[in-house]
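Please look through the report below, which takes a reader new to this structure through some of its local features, one topic at a time.

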Amino acid sequence: MTELRPILAILVSAVAIPAILSLKGRPNVREGVTLAVAFAKFGIIASMVPGVLSGTRYGFSFGEFATGIELAFTVDPLGLLFGLLASLLWIVTSFYSIGYMRGLDEHAQTRYFASFAASLASAVGVAFASNLLTLFVCYELLTVSTYPLVTHDETDEARAAGRKYLAYTFGGGVAVLGGTVLVFVLAGTTAFTPGGLEGLTTADPTLARAAFVLLAAGFGVKAALMPMHSWLPDAMVAPTPVSGLLHAVAVVKSGVFGIARVVLDVYGTGTMEQLGVGLPLAAIAAFTLLTASIIALRQDNLKRRLAYSTISQLSYIVLGLGLLHGQALTGGLLHIPAHAFMKLTLFFCAGAIHVETHTDDISDMAGIGKRMPLTMAAFAVAAAGMAGIPLVAGFVSKWYLVIGALSLDGGLIFAAALLVSGVLNIAYFWPIVYQAYFESPEDHDEKPLIGGPLGGRDKVRADGGEDHESGAADGHSDEGEVPKPEHVDHLGKHDEEHEHHGGPPAGGWDDRGWRGGESTWFMLGPILTAATLSLLLGTVPHTAVFLQIVDAIVENLPGVVV
């Protein structure tokens, strides 16, 4: 059905960019515009949910912009899954950003909110793209629009992280473009088709595999598949709401979404099996999810531990796609919203702790549950879900993944990898929760996993590249250089005049009680909302619309056993 809603969902935030930029001197109105546009974007996308679930496909085309390829956008179940998620969480992140940016009196707030609007326009363009070339264009626009957010602090570390981010993601984009051209040569089209393009089933197998490798590697950069992952921890120099955008909503999800499009709508499960490319993809994902979990154990900085957790959790999604089984596909796709809700909660909690206590290292958080009880309770809920504990979203998606793996010949090793990763999740999340509520700064038992030399505790690279004991990563020392107060790093670097540098103040943590006195409700509200969404998807998954959308995706795939 030709409609304006797909393009309106993209343009509503794009046209808001000049409005936001023009309101630099009126921050209340600027934030009001941001929130109004976020609600409008979500409303437009949500209005298409009933139609898409009943089989309607909404489309809009600007006409042909390359030989035989349209600049076109279509809302199908897979695109709706990503678009609805991104627009919903933009609302939550916008409220949180107001509390965070004003709480730290950040510089360049207008640029920040304008870049956020541009990022969400690009992300929804990725979601609704109807062919590989349109997807590539929006995928690259997403890189460009998120770069100012990664480098927001304007410190040397932030600029270095930004350069690395561009190098990795633009390199991935070149691979995607190469794979797109090869698919067009082999199949005569790049249009997304449930079950895959017919021309690829009869194409030269070597060339078809080469195209798949290019596409999977290109999208795998933003999906942080190893060894293409190292940009992600370094990007943690960005403000925490940006980390939430990178890790839970737009950027990394665009990577796994691109892989999902390639697996389901370019090659199809049948051609994937015929070419034998599903198993290697699943093996890379299994290696990544285990290795990243082990590395996470070594991280004392909270945001870097969450970053490696993200690398691991994204590979759950890719693993489900690589297994090509109905239940595994359901689990992998459902983990897109499940991980988003849980990881956004965790990053929001890390940001609230940073704003309120200027604490960034886990070893300084003993007893912090007394100072921030609601925040750490939400953190505990999301952490439990990440480990696959029942009643939280992560359990449902991982249940489907494990059952799907066990249904396949030779799938036991993948099921074992999932279970081991769950144990590792407990190993790196439980100490945070335990010491927050059950220890005090005076009676703190430093955990051996990060406390000893083999755990890397004595040389923590807490700022995304700088080693505080041996100088910067490029070999020269930054000793004596103090960033300007308005350019504060978000991984623990504060100006020397600040009264408190992290950890409990003299006299211990204040007791703020459970009534919200720990922070502003602009931050607490989004934290509790994201945690609640995690619980809803974990307790009533069939009532939650995301599982209905995932079921619609999998049921429409030819030859897939549900």
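## Residues with positive phi

Histidine 358 is buried, because its relative accessible area is 14% (buried means under 20% relative accessible area, exposed over 50%, and partly exposed in between, computed with a 1.4 Å probe on protein chains only). Although histidine 358 is not a glycine, its phi is positive, at about 55°, and its place is in the loop between α16 and α17 (368-371). Helices here are DSSP runs of H or I with at least four residues, strands are DSSP runs of E with at least two, and both are numbered from the N terminus.

Alanine 108 is another residue other than glycine with a positive phi, in this case near 50°. Alanine 108 sits in the loop between α5 (77-103) and α6 (109-128), and with a relative accessible area of 29% it is partly exposed.

## Basis of the model

This is a predicted model, in which local features need pLDDT of at least 70 and side-chain atom pairs count only at pLDDT 80 or more, while totals for chains, interfaces and linings use all residues. Residues are numbered from 1 along each chain as its sequence is written, and side-chain values use heavy atoms, with hydrogens and water left out.

## A cis peptide bond and a buried phenylalanine

The peptide bond that leads from methionine 226 to proline 227 is cis, with omega near 10°. Proline 227 belongs to the loop between α10 (205-222) and α11 (231-234).

Phenylalanine 82 is part of helix α5 and counts as buried, at 2% relative accessibility. Between phenylalanine 82 and alanine 123 there are 8.4 Å in space, taken from C-alpha to C-alpha, although the two are 41 residues apart in sequence.

## The hairpin of β1 and β2

Strand β1 (residues 58-66) and strand β2 (residues 69-75) run antiparallel and are joined by six bridges, where two strands pair if DSSP finds at least two bridges between them. Together β1 and β2 form a hairpin with two residues between them, and glycine 68 in the turn has a positive phi of about 75°.

## Helices α15 and α16

The axes of α15 (302-323) and helix α16 (residues 326-357) come within 8 Å and cross at roughly 170°; axes are lines fitted to C-alpha atoms, for helices over the stretch in contact, and angles run from 0 to 180 degrees between N-to-C directions. That crossing makes α15 roughly antiparallel to α16, a term used for angles over 145 degrees, whereas those under 35 count as roughly parallel, 65 to 115 as roughly perpendicular and the rest as oblique.

The contact of α15 with α16 has 16 nonpolar, seven polar and two charged residues. In these classes, Ala, Val, Leu, Ile, Met, Phe, Trp, Tyr, Cys and Pro count as nonpolar, Asp, Glu, Lys and Arg as charged, and the others, Gly among them, as polar.

## The second largest pocket

The second largest pocket holds about 340 Å³ of space. A pocket is an open set of points on a 1 Å grid over the protein atoms alone, where a 1.4 Å probe fits, with protein on both sides within 12 Å along at least five of seven lines, and lining residues have an atom within 4 Å of a point. Of the 21 residues that line this pocket, Glu273, Gly322, Leu323, Leu324 and Leu408 are the closest to its centre.

How values were computed
Grid points are joined across faces, edges and corners, and a volume is the space filled by probe spheres set on the points.
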